[in-house]
Amino acid sequence: MTRLNGVIRALETGGHAFASFVPPDPAAAVEFSAAKYDGLIFEMEHKPWDVVGLKHGLQYLLDRRQIAAAGDLAPAVTPLVRIPTNGAEKGQWHAKQALDLGAYGIVWPHISTVDEARNAVAACRYPQLPDAERYDPAGVRGDSPAAAARYWGLANDEYYARSGVWPLDPDGEILVALMIEDQLGIRNLPDILDQVPGIGLVIVGEGDMSQELGVPRRYEHPKVLESKRRILDACGERGVAVGHPHVTAGNVEQVLKDGYRFLMTLPVRSYPGLERGRELTGRS
(Lines give C-alpha, C1' and ligand atoms only; values in the text may rest on other atoms or scores of the structure.)
Protein backbone atom coordinates (compact mmCIF):
# COMPACT_ATOMS: atom_id res chain seq x y z
CA MET A 1 0.00 0.00 0.00
CA THR A 2 1.41 3.37 -1.03
CA ARG A 3 1.80 5.84 1.80
CA LEU A 4 -0.17 8.96 0.83
CA ASN A 5 1.16 11.35 3.49
CA GLY A 6 4.73 12.27 2.56
CA VAL A 7 5.48 13.78 5.97
CA ILE A 8 4.46 10.57 7.72
CA ARG A 9 6.45 8.60 5.14
CA ALA A 10 9.61 10.46 6.13
CA LEU A 11 9.01 10.36 9.89
CA GLU A 12 7.98 6.72 10.21
CA THR A 13 11.23 5.59 8.59
CA GLY A 14 13.28 7.64 11.03
CA GLY A 15 14.12 10.29 8.47
CA HIS A 16 13.67 14.04 8.24
CA ALA A 17 10.73 15.91 6.74
CA PHE A 18 10.92 19.39 5.22
CA ALA A 19 8.01 21.83 5.17
CA SER A 20 7.07 25.49 5.22
CA PHE A 21 4.20 27.75 6.20
CA VAL A 22 2.27 29.16 3.23
CA PRO A 23 -0.85 31.31 2.94
CA PRO A 24 -4.01 29.51 1.81
CA ASP A 25 -4.17 30.82 -1.71
CA PRO A 26 -3.67 29.48 -5.26
CA ALA A 27 -0.48 31.43 -6.04
CA ALA A 28 1.40 30.00 -3.07
CA ALA A 29 0.08 26.51 -3.79
CA VAL A 30 1.26 26.59 -7.41
CA GLU A 31 4.68 27.84 -6.33
CA PHE A 32 5.10 25.08 -3.76
CA SER A 33 3.66 22.31 -5.91
CA ALA A 34 6.95 22.05 -7.78
CA ALA A 35 9.20 22.48 -4.73
CA LYS A 36 11.14 19.68 -3.05
CA TYR A 37 9.26 19.93 0.23
CA ASP A 38 7.67 16.88 1.82
CA GLY A 39 4.79 18.99 3.03
CA LEU A 40 3.44 22.45 3.54
CA ILE A 41 1.30 23.96 6.27
CA PHE A 42 -1.45 26.28 5.15
CA GLU A 43 -1.15 28.99 7.79
CA MET A 44 -4.53 29.99 9.19
CA GLU A 45 -3.65 30.87 12.77
CA HIS A 46 -2.20 34.30 12.10
CA LYS A 47 -3.91 34.65 8.73
CA PRO A 48 -7.70 34.71 8.29
CA TRP A 49 -9.73 31.52 8.50
CA ASP A 50 -10.55 31.46 4.80
CA VAL A 51 -12.05 28.10 3.83
CA VAL A 52 -12.59 29.23 0.23
CA GLY A 53 -8.93 30.20 -0.02
CA LEU A 54 -7.95 26.91 1.59
CA LYS A 55 -10.14 24.96 -0.85
CA HIS A 56 -8.53 26.73 -3.81
CA GLY A 57 -5.05 26.30 -2.35
CA LEU A 58 -5.58 22.56 -1.97
CA GLN A 59 -6.79 22.23 -5.54
CA TYR A 60 -3.99 24.32 -7.05
CA LEU A 61 -1.46 22.21 -5.18
CA LEU A 62 -2.43 19.32 -7.48
CA ASP A 63 -0.63 18.93 -10.80
CA ARG A 64 -2.04 16.42 -13.28
CA ARG A 65 1.33 15.92 -14.96
CA GLN A 66 2.96 15.16 -11.60
CA ILE A 67 0.26 12.65 -10.73
CA ALA A 68 0.53 10.90 -14.11
CA ALA A 69 4.32 10.75 -13.93
CA ALA A 70 4.32 9.41 -10.36
CA GLY A 71 1.79 6.73 -11.15
CA ASP A 72 0.18 6.81 -7.69
CA LEU A 73 -2.20 8.95 -5.65
CA ALA A 74 0.29 10.32 -3.13
CA PRO A 75 0.58 14.11 -3.48
CA ALA A 76 4.03 15.43 -4.34
CA VAL A 77 3.71 17.89 -1.42
CA THR A 78 1.47 16.92 1.50
CA PRO A 79 -0.91 19.67 2.69
CA LEU A 80 -1.46 20.23 6.41
CA VAL A 81 -3.36 23.10 8.05
CA ARG A 82 -2.56 25.16 11.13
CA ILE A 83 -5.90 26.13 12.61
CA PRO A 84 -6.50 29.45 14.43
CA THR A 85 -7.82 28.26 17.80
CA ASN A 86 -5.53 27.70 20.75
CA GLY A 87 -5.64 24.36 22.53
CA ALA A 88 -7.86 25.62 25.35
CA GLU A 89 -10.45 26.77 22.79
CA LYS A 90 -10.80 23.15 21.53
CA GLY A 91 -11.28 24.16 17.86
CA GLN A 92 -12.94 20.92 16.79
CA TRP A 93 -14.90 22.58 14.02
CA HIS A 94 -11.79 24.13 12.48
CA ALA A 95 -10.10 20.72 12.35
CA LYS A 96 -13.27 19.12 10.95
CA GLN A 97 -13.61 21.63 8.13
CA ALA A 98 -9.93 21.42 7.14
CA LEU A 99 -9.95 17.62 7.15
CA ASP A 100 -13.24 17.50 5.25
CA LEU A 101 -11.64 19.55 2.46
CA GLY A 102 -8.81 17.03 2.18
CA ALA A 103 -6.02 18.17 4.51
CA TYR A 104 -3.72 15.35 5.62
CA GLY A 105 -3.22 16.69 9.10
CA ILE A 106 -3.79 19.47 11.60
CA VAL A 107 -1.27 21.63 13.43
CA TRP A 108 -2.70 22.67 16.80
CA PRO A 109 -1.24 25.87 18.32
CA HIS A 110 -0.75 26.45 22.04
CA ILE A 111 -1.29 22.98 23.46
CA SER A 112 -0.54 23.11 27.18
CA THR A 113 -2.42 20.31 28.94
CA VAL A 114 -3.30 16.64 28.62
CA ASP A 115 -6.96 17.55 28.09
CA GLU A 116 -6.12 19.89 25.22
CA ALA A 117 -3.91 17.27 23.58
CA ARG A 118 -6.58 14.61 23.95
CA ASN A 119 -9.09 16.91 22.28
CA ALA A 120 -6.67 17.55 19.41
CA VAL A 121 -6.38 13.85 18.59
CA ALA A 122 -10.09 13.14 19.20
CA ALA A 123 -11.14 15.94 16.84
CA CYS A 124 -9.20 14.30 14.01
CA ARG A 125 -10.71 10.81 14.50
CA TYR A 126 -14.07 9.40 13.53
CA PRO A 127 -16.06 7.82 16.40
CA GLN A 128 -15.66 4.10 17.05
CA LEU A 129 -17.37 1.54 19.26
CA PRO A 130 -15.95 1.47 22.82
CA ASP A 131 -14.64 -2.07 22.36
CA ALA A 132 -12.71 -1.14 19.20
CA GLU A 133 -8.96 -1.59 19.13
CA ARG A 134 -7.16 1.72 19.71
CA TYR A 135 -10.40 3.35 20.93
CA ASP A 136 -8.75 6.06 23.03
CA PRO A 137 -8.87 9.01 22.48
CA ALA A 138 -12.52 8.59 21.51
CA GLY A 139 -13.08 10.20 18.11
CA VAL A 140 -15.51 13.09 17.68
CA ARG A 141 -14.94 14.08 14.04
CA GLY A 142 -18.21 14.62 12.19
CA ASP A 143 -19.02 12.42 9.21
CA SER A 144 -18.82 14.11 5.80
CA PRO A 145 -16.00 12.44 3.87
CA ALA A 146 -17.03 13.03 0.25
CA ALA A 147 -14.85 16.05 -0.58
CA ALA A 148 -11.81 14.68 1.27
CA ALA A 149 -12.16 11.26 -0.33
CA ARG A 150 -12.37 12.83 -3.78
CA TYR A 151 -9.32 14.98 -3.08
CA TRP A 152 -7.36 11.91 -1.95
CA GLY A 153 -8.57 9.98 -5.00
CA LEU A 154 -10.40 7.36 -2.95
CA ALA A 155 -13.90 5.99 -2.53
CA ASN A 156 -15.60 6.87 0.73
CA ASP A 157 -14.99 3.43 2.25
CA GLU A 158 -11.33 3.60 1.25
CA TYR A 159 -11.04 7.04 2.84
CA TYR A 160 -12.54 5.74 6.09
CA ALA A 161 -9.96 2.94 6.11
CA ARG A 162 -7.02 5.30 5.59
CA SER A 163 -8.05 8.41 7.52
CA GLY A 164 -6.92 7.17 10.90
CA VAL A 165 -4.55 9.20 13.05
CA TRP A 166 -0.94 8.06 12.78
CA PRO A 167 0.87 6.51 14.66
CA LEU A 168 -2.14 5.42 16.74
CA ASP A 169 -3.32 3.76 13.54
CA PRO A 170 -0.11 2.53 11.85
CA ASP A 171 -1.80 2.75 8.43
CA GLY A 172 -3.44 6.11 9.13
CA GLU A 173 -2.69 9.10 6.91
CA ILE A 174 -3.78 11.91 9.27
CA LEU A 175 -0.98 13.65 11.17
CA VAL A 176 -1.73 15.43 14.46
CA ALA A 177 0.97 17.97 15.31
CA LEU A 178 1.00 19.82 18.61
CA MET A 179 2.73 23.15 19.12
CA ILE A 180 4.25 23.52 22.58
CA GLU A 181 4.64 27.24 23.17
CA ASP A 182 4.72 27.95 26.89
CA GLN A 183 6.16 26.74 30.18
CA LEU A 184 2.93 25.02 31.20
CA GLY A 185 3.02 22.98 28.01
CA ILE A 186 6.66 22.07 28.57
CA ARG A 187 5.97 20.94 32.15
CA ASN A 188 3.01 18.87 30.99
CA LEU A 189 4.65 17.44 27.87
CA PRO A 190 5.81 14.15 29.43
CA ASP A 191 2.27 13.47 30.69
CA ILE A 192 0.80 14.53 27.33
CA LEU A 193 2.99 12.08 25.43
CA ASP A 194 2.50 9.29 27.97
CA GLN A 195 -1.28 9.64 28.27
CA VAL A 196 -2.47 10.67 24.78
CA PRO A 197 -1.90 8.19 21.94
CA GLY A 198 -1.83 9.52 18.39
CA ILE A 199 0.56 12.46 18.61
CA GLY A 200 2.72 12.22 15.50
CA LEU A 201 4.73 15.43 15.81
CA VAL A 202 5.55 18.16 18.32
CA ILE A 203 6.58 21.57 16.98
CA VAL A 204 8.50 24.03 19.13
CA GLY A 205 6.65 27.35 19.26
CA GLU A 206 9.73 29.41 19.99
CA GLY A 207 8.12 32.73 19.07
CA ASP A 208 5.45 32.73 21.76
CA MET A 209 7.81 30.87 24.07
CA SER A 210 10.36 33.66 23.83
CA GLN A 211 7.64 36.24 24.49
CA GLU A 212 6.59 34.47 27.68
CA LEU A 213 10.22 34.30 28.80
CA GLY A 214 10.67 38.06 28.33
CA VAL A 215 13.12 37.75 25.44
CA PRO A 216 10.89 38.14 22.36
CA ARG A 217 12.31 36.63 19.16
CA ARG A 218 15.70 36.01 20.75
CA TYR A 219 15.71 32.36 19.78
CA GLU A 220 19.30 31.73 20.87
CA HIS A 221 18.80 33.15 24.35
CA PRO A 222 19.77 30.61 27.05
CA LYS A 223 16.23 30.58 28.48
CA VAL A 224 14.75 29.72 25.09
CA LEU A 225 17.42 27.13 24.31
CA GLU A 226 16.86 25.44 27.67
CA SER A 227 13.10 25.30 27.07
CA LYS A 228 13.56 23.82 23.61
CA ARG A 229 16.00 21.25 24.98
CA ARG A 230 13.39 20.09 27.49
CA ILE A 231 10.96 19.51 24.61
CA LEU A 232 13.57 17.64 22.59
CA ASP A 233 14.46 15.46 25.56
CA ALA A 234 10.87 14.58 26.44
CA CYS A 235 10.04 13.70 22.85
CA GLY A 236 13.32 11.92 22.23
CA GLU A 237 12.75 9.59 25.17
CA ARG A 238 9.39 8.61 23.65
CA GLY A 239 10.30 8.46 19.98
CA VAL A 240 8.21 11.45 18.91
CA ALA A 241 9.63 13.71 16.20
CA VAL A 242 10.17 17.39 16.98
CA GLY A 243 9.77 20.25 14.52
CA HIS A 244 11.74 23.49 14.27
CA PRO A 245 9.80 26.41 12.72
CA HIS A 246 12.67 28.71 11.76
CA VAL A 247 15.32 26.76 9.86
CA THR A 248 17.79 28.76 7.80
CA ALA A 249 20.99 28.09 5.91
CA GLY A 250 22.81 29.56 8.90
CA ASN A 251 21.32 27.32 11.60
CA VAL A 252 20.35 24.11 9.79
CA GLU A 253 23.48 22.19 10.82
CA GLN A 254 22.86 22.97 14.49
CA VAL A 255 19.14 22.20 14.12
CA LEU A 256 19.97 18.74 12.80
CA LYS A 257 22.61 18.21 15.49
CA ASP A 258 20.08 19.15 18.17
CA GLY A 259 17.80 16.36 16.96
CA TYR A 260 14.97 18.09 15.12
CA ARG A 261 13.39 15.96 12.40
CA PHE A 262 10.69 18.24 10.98
CA LEU A 263 12.44 21.25 9.48
CA MET A 264 10.48 24.30 8.40
CA THR A 265 12.30 26.60 6.01
CA LEU A 266 11.00 29.79 4.42
CA PRO A 267 11.94 30.22 0.75
CA VAL A 268 13.64 33.52 -0.07
CA ARG A 269 12.68 35.26 -3.30
CA SER A 270 15.46 36.96 -5.22
CA TYR A 271 15.30 39.52 -8.05
CA PRO A 272 18.72 39.39 -9.72
CA GLY A 273 17.63 41.19 -12.88
CA LEU A 274 16.05 44.02 -10.92
CA GLU A 275 19.01 44.33 -8.56
CA ARG A 276 21.54 44.35 -11.40
CA GLY A 277 19.44 46.79 -13.39
CA ARG A 278 19.19 49.22 -10.50
CA GLU A 279 22.93 48.93 -9.97
CA LEU A 280 23.68 49.72 -13.62
CA THR A 281 21.27 52.64 -13.69
CA GLY A 282 22.63 54.18 -10.52
CA ARG A 283 19.56 53.39 -8.42
CA SER A 284 21.14 50.81 -6.11
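Is C124 buried or exposed? In this predicted model, where local features need pLDDT of at least 70, side-chain atom pairs count only at pLDDT 80 or more, and totals for chains, interfaces and linings use all residues, C124 turns out to be buried, with a relative accessible area of 0%. Here buried means under 20% relative accessible area, exposed means over 50%, and partly exposed lies in between (1.4 Å probe, protein chains only). Residues are numbered from 1 along each chain as its sequence is written, and side-chain values use heavy atoms, with hydrogens and water left out.

A disulfide is a covalent bond between the sulfur atoms of two cysteines. With the criterion of a pair of cysteine sulfur atoms within 2.5 Å, the structure holds zero disulfides. For C124, the nearest cysteine sulfur belongs to C235 and is 18 Å away. C235 is likewise in no disulfide, and C235 is buried, with a relative accessible area of 0%.

Helices (H or I, at least four residues) and strands (E, at least two) are DSSP runs, numbered from the N terminus.

Within α3, which covers residues 51-61, the residues G53, L54, G57, L58 and L61 are buried. Seen down the axis of α3, these buried residues fall within an arc of 135°, so they line one face of the helix; the arc is that of the directions from the helix axis to the C-beta atoms. An α-helix has 3.6 residues a turn, so residues three or four places apart point the same way. The cover over the buried residues of α3 includes α2 (26-33), β3 (39-43), β4 (78-82), α5 (92-101) and α7 (146-152), where contact means heavy atoms within 4.5 Å. At the N-terminal end, α3 is capped by D50, with a side-chain oxygen 3.3 Å from the backbone nitrogen of V52.

Helix α2 contains S33, which counts as buried at 8% relative accessibility. Leaving aside residues up to four places away in sequence, S33 touches Y60, L61, Q66, A76 and V77.

Aromatic rings bring further parts of the chain together. Rings of Phe, Tyr and Trp (its six-membered ring) pair if their centres lie within 6.5 Å; planes under 30 degrees apart count as stacked, over 60 as edge-to-face and the rest as tilted. Five aromatic pairs are found in the whole structure. In one of them, the rings of Y104 and W152 have centres 4.4 Å apart and planes at 5°, so the pair is stacked. This pair links distant parts of the chain, 48 residues apart: Y104 is in the loop between α5 and β5 (105-108), and W152 is in helix α7. Y104 is buried at a relative accessible area of 1%, and W152 is buried at 1%. Y104, W152 and Y159 form one aromatic cluster.

Notes
A polar contact is a pair of N or O atoms within 3.5 Å; within protein, one must be able to donate a hydrogen and the other to accept it, and residues adjacent in sequence count only if both atoms are side-chain atoms.
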